[in-house]
Amino acid sequence: MLKKTLYVQYTPCLVVLKIIKHYQEEGQGNEVVQGVLLGLVVDDRLEITNCFPFPQHTEDDADFDEVQYQMEMMRSLRHVNIDHLHVGWYQSTYYGSFVTRALLDSQFSYQHAIEESVVLIYDPIKTAQGSLSLKAYRLTPKLMEVCKEKDFSPEALKKANIAYENMFEEVPIVIKNSYLINVMLWELEKKSAVADRHELLSLASSNHLGKSLQLLMDRVDEMSQDIVKYNTYLRNVSKQQQQKHQYQQRRQQENIQRQSRGEPPLPEEDINKLFKPPQPPPRMESLLIAGQINTYCQNIKEFNAQNLGKLFMAQALQDYNN
Amino acid sequence: MSRFFTTGSDSESESSASGDETAPKAPGGPYSKPLLLSEDEEDTKRVVRSARDKRYEELTNLIRSIRNAMKIRDVSRCLEEFELLGRAWTKAKGVVDRDGVPRFYLRILADLEDYLNELWEDKEGKKKMNKNNAKALSSLRQKLRKHNRDYEGAIAAYRQNPEQSDEDEEKSRRDSEGSASSSGAEDDAGNFLKRRDREEPRGRYKEEESESESESDEDWGDSASESDSESDEDDGKFTSLASKFLKKDEERRGAERRREEKAKKKLERKSRREEEEEEEEGGEWEKVKCGVPLVKEKPKMFAKGTEITVGLVVKKLNEILQARGKKGTDRAAQIELLQHLVAVAHEHNLGVPLELKIKFNIVASLYDYNPNLAAYMKPELWQKCLGCIEELLELLFAHPEIFVGENVLEESENLSNPEQPFRVRGCVLTLVERMDEEFTKIMQNTDPHSQEYVEHLKDEARVCAIIARLQRYLQGKGSPEELCRVYLRRVLHTYYKFDYGAARRKGQVKDGAGQVKEGAGQVKEGQGKEEEKLEDEQKVKEDAQVKENEAQVKDEEEEEEDSEALMERLCRFVYAKDRTDRIRTCAILCHIYHHALHSRWYRARDLMLMSHLQDNIQHADPPVQILYNRTMVQLGICAFRQGLIKDAHNALLDIQSSGRAKELLGQGLLLRSLQERNAEQEKVEKRRQVPFHMHVNLELLECVYLVAAMLLEIPYMAAHEFDARRRMISKQFHHQLRVGERQPLLGPPESMREHVVAASKAMKTGDWRRCHRFVVNEKMNGKVWDLFPEADQVRAMLVRKIQEESLRTYLFTYSSVYDSISMETLAAMFELDLPTVHGIISKMIINEELMASLDQPTATVMMHRTEPTATQNLALQLAEKLGNLVENNERVLDQRQGAYGGYFRDQKDGGYRKGDGYLRRGGFRQERGNY
């Protein structure tokens, strides 16, 4: 039904504020909060008009039914005449570490059930530094195919031509408010003191950068391990290949001898039974790690660019003052 | 029984009480009611009852219920009651030791045994028995047998004439009552003899009275003193006790000898006594049946009237020896026969060589007594063996003209011809070596925390004395090989003992004449704990050493020689003369151990390095390896005492890092590997264990190691906080730190490990005072530091090391905060003097550990700030990791290109790259330094 790949999303202020509020109330440190997005598809855009949070998981009520809760919630919203169509979900993130297997799996199931669904990633730390960071992602059709097959072997991924760059596609976001709200925002801006906006100009950087680097390093380590694993796999495969080859040759020679003696050749055995190919390591993990590293790098790059800019600005200011 | 107590003196009532117990009891159980009644009566009105009565009452009650159970054939109940009885018996031990085994107790043991045997034989009945009872029967039978073994002599005597011996006893008691003052002592004497040396027959007790006064007097005398010392059961008096025991032994031996002389005069009488003795003996061991016919023969060993000649005796001896090792030979009887033969030979003045020859054989058959290699000698046999060897040595010393050698052939022996030199076949050295091994075995098999162990340990002095005497004997005539062997024995008995004498003399020199006594006393106090934890053990050992010294004095031995000089002399001889590698290796190790024990670090270390033992010790047999481990550990502890932390750590690393220190030092088996070895291996391992009194204190060992690791590791950690390639110096220390961190609630430290962990944490922040408080305090003093001979010196060394290392740690950790810091401030902070601080900082600067320079005029340290910041460090780490990643990636590519087996090349590549990375880093540093 939906043919266009590109969506423009209209996210009213309400949704953004609700997500932020949700995080402020429940998310701490690297804990992640999640929720459901509601909206509807209009022409080629997906309009997200409302949302509600998933309740926090606790160990005590294991028999809590999430699906039940969601249905209840949507029914209630429908009663008050709010868009109740499920169009995706949102999630907060800690220094941009969201490219994980869990996200992939749930986004896959969403997109599988409701084709237009998106995941909205909210980065509270960046937001706290003065610029709202909200991003919408979808899985690319290629990845959808692979996930549907559930085959993550190196060959399958190669065939599907998937790399970390084309796993996710980012969807541009447009935040559109009603005019009344816009007017009010203007008014608020006028009223607010200059100091309130100075977070943007903070020069302190090492903490954020250090954290990012640390995370990046962890991922690099994982990547390294993954590669080592893959390497051993490759070595095993090649070793086996050799063995197989030798075996076949021996077999052939024997057969030739037998023929010369007039005996019947040895029966053909299933060579694959004799040599069980080693289990190929799933490559999805490394793809995800690569994707994660990519996001980290983007983050750091962005952050550093801003910081450098700020530093130059500060220097200029200093010169000017002197 | 209380009725008898109303009148009469104490001793009277005692004897009548036991008489009362046994006499009416003989017919069986029916009168138990009146007894019970009387007890009840007494219970209501009793005022004071002695411990003896209480215990006896307990026992009789139990015995009664056993009898009841026996009557209704309830074996399982019998078993229960018997267990209770056993417990009550051990409780009553103190009383019993004083009074001797009461008749009623022997009776129940004998009856129970009969009863069980009857049940056991009755196959039909056994089949009918229910499962519980059958099980109980077999276990009870076993228990009883085990239990009875200790009282076999008494039981056998009781069995022979249950009534008469009662009377005898009573009679003898009544006799003794005549002299009220001595009666108690006599009573004790009799009982004591019964209990303590069962080879002394009960019959002798009676006889002794009729025999010449002097002997019995003597026996009474010393046993009276014995009972005195035993009656005050204060643990603290072991030393005096020990001396008494030892003296008594000698006296007893003297008495035995005298008796032998007497026997010469009264041959008939002696033979009669011998017979009795024999019977007693026979009753004591299990194989009565085979022994008896032989014994019966014995008085007729030589037909009456035949002239006893050397040839005859030798023939007889060979006859006896031929039975050796055969099935069904009663080994105990054999020993007995041989002893008799010696007496006969002595009687007829057949010459020393013959006596020697027989004695050799006695000792040999004593060793033979235990067919199993793992089993150890019984105490009485052991005493006999020691005595025998001592006699043997005495004879050898008295007759130096006799040639003794193991190479002398049977045919070429000369036992009687006085014209030619006497030649006897036999090897004292082997006997003594075997004796030493038996001693080790006894020590291994005794519970080290029991009084028994202390008792056994007292024999060590005798063992040492024997070895010393043998050594002197062999110095006269032995070959170098033999000398090496006996020297090694001597060394093995010396190396682990701290030489108090030498320390005292040193102390005297140091302290001057005035405080000699005190100083020596203190030194002794402190040092005594080096080897043993248990106080009494320590005392005993001191005592043993004093005894040994005494023995040496007596033997005009080098009594003034320090053990250091002794070791030096013996070991040097071994180094020069030994041709078997093993003895030399052992001697070297013992020598090193001894050096290390006495804090002669450099000599110990040099010897260790020169001997190159570290290279090939893994080829040695396990006991030597254990000795090597012990030596290394001692070396490490020695280095620690000298303040050589690094050396200490290196020496202890191998032992401690495995976590099997206990096993490696031969001080116990690990439970963990129990499944991995079978019973056979376990036995072998058990045989390798070092006796408890030679143990190295494991807690001390671990503490020394951990503290050494702390002093090394904490500054290192501070210096390399951001280094990705940081290596651990001590894994075990890190493990302890992690354990400490994992604790949810951190209380004040309790154990030694917790103390060290807490101290490490304090040191991390450079807080040396807290660190010091954690390392040196009451608890740690008691647990560890006081065990050192020079505890105060060690503590002083520790404080200083802690100050220095804390200073280093502080500089590493907080240098980034300072622009400059005055050395005086540092000196004040760490309570070090200025030159030391200056020295430490200079060293750090030279080693490029600290990027700073010294400003001489103001005595300040100027920081250069060249250490990369946290972010820079992170970036560096990241770069390194990325390098790794790329490397790995390239390997994948290699695979793709089909470069099989490129492993070595890869390795080389990797190595190269790593080096490259390092260089890059260095380059970075330089760059930053310039900037």
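Over all chains, a search of the whole structure gives 19 aromatic pairs, where rings of Phe, Tyr and Trp (its six-membered ring) pair if their centres lie within 6.5 Å, with planes under 30 degrees apart counted as stacked, over 60 as edge-to-face and the rest as tilted. This is a predicted model, so local features need pLDDT of at least 70 and side-chain atom pairs count only at pLDDT 80 or more, while totals for chains, interfaces and linings use all residues. Side-chain values use heavy atoms, without hydrogens and water, and residues are numbered from 1 along each chain as its sequence is written, with chains lettered from A in the order written.

One of the pairs is B:F397 with B:Y473, edge-to-face at 5.7 Å centre to centre and 70° between the planes. B:F397 sits in helix α20 (residues 379-398) and B:Y473 in helix α22 (residues 451-477), 76 residues apart; helices are DSSP runs of H or I, at least four residues, numbered from the N terminus. B:Y473 is buried at 7% relative accessibility, and B:F397 is partly exposed at 31% (buried is under 20% relative accessible area, exposed over 50%, partly exposed in between, with a 1.4 Å probe and protein chains only). B:Y810, B:Y814, B:Y818 and B:F830 form one aromatic cluster.

Now the interface. Contact, meaning heavy atoms within 4.5 Å, takes 17 residues from chain B and 19 residues from chain A. Between chain B and chain A there is one salt bridge, a side-chain nitrogen of Lys or Arg within 4 Å of a carboxyl oxygen of Asp or Glu. A:D221 forms a salt bridge with B:K881, with the closest N and O atoms 3.1 Å apart. Helix α43 (residues 870-896) of chain B gives the most to the side touching chain A, 15 residues.

Key. Helices (H or I, at least four residues) and strands (E, at least two) are DSSP runs, numbered from the N terminus.
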